[in-house]
Amino acid sequence: QVQLVESGGGLVQAGGSLRLSCTASRRTFSTYAMGWFRQAPGKEREFVAAIVWNGGGTSIADSVKDRFTISKDNAKNTVYLQMNRLKHEDTALYYCAAGRFGNTPMWYDYWGQGTQVTVSS
């Protein structure tokens, strides 16, 4: 059973930083690409970032490319989303996902419960 557990969300002022973490089982981590998506109230789920299972490639959404980075620590079976210079429009529920590398939610088979990020303006 694939289980993804996100953490690190919270309330932050605009311009601040947060680091989200997603921990998975070792097998998941060495098999699947990992992605981050977000969903704001009333909006569709949006791609944020993804990383190949071996860390050999990443993809970042244009809307956050100069502010967010994705990385992984294989020893800890954890993938991170470092978010800097946060804006009010970054407010959303952030999901970790495991599946095929790409920017489309349907390519990901497993999802975490989400962690809320709220940016006050």
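Predicted model: local features only at pLDDT ≥ 70, side-chain atom pairs only at ≥ 80, totals over all residues.
Visitor: Which order do the strands take in the open sheet of 4 strands?

Guide: Start with the general idea. Strands of a sheet pair through backbone hydrogen bonds, either parallel or antiparallel. Strands are DSSP runs (E, at least two residues), numbered from the N terminus. Two strands pair if DSSP finds at least two bridges between them. Here the order is β1-β3-β8-β7, with antiparallel pairing. β1 (5–7) and β7 (68–73) are the edge strands, each pairing on one side only. From one strand to the next, the twist averages 15°; axes are lines fitted to C-alpha atoms, and angles run from 0 to 180 degrees between N-to-C directions.

Visitor: How many bridges join β3 and β8?

Guide: There are 6 bridges, between residues 18–23 of β3 and residues 78–83 of β8. R19 has Q82 in β8 as its bridge partner. β7 and β8 also pair over 6 bridges, in the antiparallel sense. There, S71 stands opposite Y80 of β8. The β7 and β8 hairpin has 4 residues between the strands, and N77 takes a positive phi near 50°.

Visitor: Which residues of β7 are on its covered face, and which on its uncovered one?

Guide: In a regular strand the side chains alternate between the two faces of the sheet. In β7, F68, I70 and K72 form the covered face. T69, S71 and D73 form the uncovered one.

Visitor: Which residues have the most contacts inside the largest nonpolar core?

Guide: A nonpolar core is a set of buried Ala, Val, Leu, Ile, Met, Phe, Trp, Tyr and Cys residues joined through side-chain atoms within 4.5 Å. Buried means under 20% relative accessible area, exposed over 50%, partly exposed in between (1.4 Å probe, protein chains only). The largest core has 35 residues, and M34, W36, V79, L81, M83 and Y94 have the most contacts inside it. Elements giving two or more residues include β4 (33–39), β5 (46–51) and β9 (92–99).

Visitor: Is A49 buried or exposed?

Guide: A49 is in strand β5 and is buried, at a relative accessible area of 0%. Contact means heavy atoms within 4.5 Å. Leaving out residues up to four places away in sequence, A49 touches M34, G35, W36, S59, I60, I70 and L81. G35 is 14 residues from A49 in sequence, yet 5.6 Å away in space, C-alpha to C-alpha.

Visitor: Where is D90 found?

Guide: D90 is in the loop between β8 and β9. D90 counts as buried, at 1% relative accessibility. Its contacts beyond four places in sequence are R38, V64, R67, F68, V117 and V119.

Visitor: How many aromatic pairs does the whole structure hold?

Guide: A pair of aromatic rings is described by the distance of the centres and the angle of the planes. Rings of Phe, Tyr and Trp (its six-membered ring) pair if their centres lie within 6.5 Å; planes under 30 degrees apart count as stacked, over 60 as edge-to-face and the rest as tilted. The search finds 6 pairs. F37 and W111 have ring centres 5.1 Å apart and planes at 55°, so this pair is tilted. Ring pairs link F37, F47, Y95, Y108 and W111 into a cluster.

Conventions: Residues numbered from 1 in each chain as written. Heavy atoms only, no water.
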